[in-house]
Amino acid sequence: MMSYVFQTCLLLSTLSGNQQCTDSEILNRYEFQEVHMGVQWSIVLYATDKPIANKASQNAFARIKELNKILSDYDPESELNQLCRLSGPGKPIKVSPHLLKLLKKSQALSEETKGAFDVTIGPVVRLWRRARRQKKLPDSQRFEAARSKVGFGLMKISLPNQTVELTQKDMRLDLGGIAKGYAADIALSVLKEQGITRAMVDASGDIVLGDPPPGTCGWKIGISSSDAPNAKIDRYLQIHNMAVATSGDALQHVVINGKRYSHIVDPHTGLGLTDQSRVTVIAPDGVTADSLASAISVLGPERGMQLLNQKPGTACLILRHEAGQLRAYESNCFSCYELEQN
């Protein structure tokens, strides 16, 4: 993202214990946690017994681990980083179906957003990470050199040949704004292949949901009307067979020369965003929710909502600081997914 961890104010609240399904099977609730892709993952599922639940969760986590070996920009031996090392002008490299699919989807969103979402952002993200640690802006010469290697038009994808060509030397790809949502989708599909349909996969705020818990109409997801750290949960979504993702900088930002910068980098400037905001997106799947939350953070409310309105089955809530006050922007459909509070 972009290789940053999205912090959220999302809270999972589901029914626990035994529940009676419509097919008369008794299902128990099980929860599993592991760290992958640099963040905490949680799988909540309903199964008839613990051995079935254990096997299903282990297989799902194993697939996430496999995907990390493909998509990580931190692992020097990942397929993504091998592509960056081996490709260059006139050197297309054949890639795996997972990487090809995700890069193609990323490229399509880059074209839609005119570069507000751009996975070629890796060179400036690396400089910005260092700038955040040192609390000073990047050296101007190194910064301009890094920016010259950024631009979604510099990546050429051939679906027939299953190849990717990076047309500038020393380009670096970063899938942080889309990879977790994609991996969560795959993990849920692994659970479904094993007969587990009532499940939730949470990649530290990128949440993908299957069928609802037994006896309910959906998974209950809490959000806050504030973007402050540890803010009170005061609104609830109730959704199933969909995904929700949040992008925000409440916990990850830095002040340099009196100016507040987000960990989320604008591909157009190469710097962290200065518009303090939190974006929550509901979408049909995790890869869409994750990438749209990233893109809308950069686009801002007006252009972000225009983009969202072109995507069927999506909704969005944007919290944004303007003139010293917190302002909320909601898409027309967002309240349709809310659970009425008594």
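This is a predicted model: local features need pLDDT of at least 70, side-chain atom pairs count only at pLDDT 80 or more; totals for chains, interfaces and linings use all residues.

Contact between two residues is taken here to mean that heavy atoms lie within 4.5 Å of each other. On that basis, Pro123, Val124, Leu127 and Arg130 of helix H4 meet Arg142, Phe143, Ala146 and Arg147 of helix H5. Sorted by class, this contact of H4 with H5 comprises 5 nonpolar and 3 charged residues, with no polar ones.

The geometry behind that contact can be followed along the two axes: H4 covers residues 122-134 and H5 covers residues 140-147, and the two pack at an angle of about 150°, their axes lying 8 Å apart. Angles over 145 degrees count as roughly antiparallel, and H4 and H5 are therefore roughly antiparallel to each other. Their crossing is left-handed.

A second pair of helices is arranged in another way. Helix H1, residues 50-71, and helix H3, residues 97-113, have axes that come within 10 Å and cross at roughly 65°, which makes H1 roughly perpendicular to H3. The crossing of H1 and H3 is right-handed, and the contact is formed by Leu67, Ile70 and Leu71 on the H1 side and by His98, Leu99 and Leu102 on the H3 side. By class, the contact of H1 with H3 holds 5 nonpolar residues and 1 polar residue, and no charged ones.

The largest cavity holds about 30 Å³, and its lining consists of Asp73, Gly122, Arg126, Arg172, Leu173 and Asp174. Of these lining residues, 4 are charged, 1 is polar and 1 is nonpolar.

Conventions: Residues are numbered from 1 along each chain as its sequence is written. Side-chain values use heavy atoms; hydrogens and water are left out. On a 1 Å grid over the protein atoms alone, a cavity is a set of points where a 1.4 Å probe fits but cannot get out, and a pocket is an open set with protein on both sides within 12 Å along at least five of seven lines; lining residues have an atom within 4 Å of a point. Grid points are joined across faces, edges and corners, and a volume is the space filled by probe spheres set on the points. Ala, Val, Leu, Ile, Met, Phe, Trp, Tyr, Cys and Pro count as nonpolar, Asp, Glu, Lys and Arg as charged, and the others, Gly among them, as polar. Axes are lines fitted to C-alpha atoms, for helices over the stretch in contact, and angles run from 0 to 180 degrees between N-to-C directions. Helices (H or I, at least four residues) and strands (E, at least two) are DSSP runs, numbered from the N terminus. Angles under 35 degrees count as roughly parallel, over 145 as roughly antiparallel, 65 to 115 as roughly perpendicular and the rest as oblique. A crossing is left-handed if the near helix is turned anticlockwise from the far one by less than a right angle, and right-handed if clockwise.
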